[in-house]
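Please read it with the sequence and the coordinates at hand.

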Amino acid sequence: MRVSDRSLVLLFLAGLSSLEKVPAHTFFDRPIPGTLQNVSKNDTGVKEAVLTGTYSFNNKSNDAFLFKASTVDDAKRQIVRGIRYVLEVEISRTVCRKRGSTEDLNSCPFQTDSVLQQTFFCHFDVWSIPWMKTMSTTSFECRSNDTL
């Protein structure tokens, strides 16, 4: 092997070893499909997913009042055949009653009566297929702040 060939090989190997220290996301402008990525809590998709998860909770609960999100603690997104949202959300009881109500949750104020106030800490897993205009809750688990 000539000196110039050896130099090229050494430069190539030095370049490869320096790449080990560079995070993979440096080379990609978009999220890597299949990995969970942090996403802004103000993202419109996150807001829709929180609402979808909250509606699922309200449909399953036996409470007389509707609950709505009071805080989004964490939001992650995974891109795989659609968008999967993994959310940690606090939901609190509102003054709006469930029975036959078709009120917009956003217009329902939170419960002010200290006896009726209640908050749940929920983990929502929500699946969105934007090109089909569908969003559904695949699973959720909520626990009362009384059980913490």
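1. Contact, in what follows, means that heavy atoms lie within 4.5 Å. With that cut-off, and leaving aside neighbours within four places in sequence, G53 is in contact with F124, V126 and T137.

2. The mean pLDDT of the protein chain is 85, and 74% of its residues reach 70 or more. Confidence is lowest in helix 1, residues 3-19, where the mean is 60, whereas it is highest in strand 4, residues 119-129, where the mean is 97. Where pLDDT is low, the predicted coordinates should not be read in detail.

3. As for the overall architecture, the protein chain contains two helices and five strands, and from the N terminus on these elements follow the order α-β-α-β-β-β-β. Among contacts with a separation of 6 or more, residues 24 or more positions apart account for 65%. Of the 148 residues, 30% count as buried, while the chain as a whole exposes about 10,100 Å², of which carbon and sulfur atoms supply 55%.

4. Returning to G53, this residue lies in helix 2 and is buried, with a relative accessible area of 0%. The C-alpha atom of G53 is separated by 8.4 Å from that of S139, although the two residues are 86 residues apart along the chain. Because its relative accessibility is 4%, and buried means under 20%, N58 counts as buried too. N58 likewise lies in helix 2, and beyond its neighbours within four places in sequence it is in contact with F65, L66, F67, K98 and L105.

5. V126, one of the residues in contact with G53, deserves a point of its own. V126 is found in strand 4 and is buried, with a relative accessible area of 0%. Not counting residues up to four places away in sequence, V126 touches A49, T52 and G53, then I83, R84 and Y85, and also M135, S136, T137 and T138.

6. Which residues line the largest pocket? The lining is made up of K41, V46, K47, V50, L51, T54, K68, A69, S70, T71, V72 and N106, and the pocket has a volume of about 190 Å³. Helix 2, residues 44-60, and strand 2, residues 65-79, each supply at least two residues of this lining. By residue class, the lining divides into five nonpolar, four polar and three charged residues.

7. Two loop residues call for a check of backbone geometry. R81, in the loop between strand 2 and strand 3, has a positive phi of about 50° although it is not a glycine, and K133, in the loop between strand 4 and strand 5, has a positive phi of about 55° although it is not a glycine either. Are these two residues buried or exposed? R81 counts as exposed because its relative accessibility is 77%, and K133 counts as exposed because its relative accessibility is 79%.

8. N38 has its place in strand 1, residues 36-38, and at 62% relative accessibility it counts as exposed. T112, for its part, lies in the loop between strand 3 and strand 4 and is exposed, with a relative accessible area of 69%. T112 and T94 are 18 residues apart in sequence, and their C-alpha atoms are 8.4 Å apart in space.

Methods: Residues are numbered from 1 along each chain as its sequence is written. This is a predicted model: local features need pLDDT of at least 70, side-chain atom pairs count only at pLDDT 80 or more; totals for chains, interfaces and linings use all residues. Side-chain values use heavy atoms; hydrogens and water are left out. Helices (H or I, at least four residues) and strands (E, at least two) are DSSP runs, numbered from the N terminus. Buried means under 20% relative accessible area, exposed over 50%, partly exposed in between (1.4 Å probe, protein chains only). Accessible areas come from the Shrake-Rupley method with a 1.4 Å probe; for residues, only the protein chains shown count as cover. On a 1 Å grid over the protein atoms alone, a cavity is a set of points where a 1.4 Å probe fits but cannot get out, and a pocket is an open set with protein on both sides within 12 Å along at least five of seven lines; lining residues have an atom within 4 Å of a point. Grid points are joined across faces, edges and corners, and a volume is the space filled by probe spheres set on the points. Ala, Val, Leu, Ile, Met, Phe, Trp, Tyr, Cys and Pro count as nonpolar, Asp, Glu, Lys and Arg as charged, and the others, Gly among them, as polar. pLDDT is the predictor's confidence in each residue, from 0 to 100.
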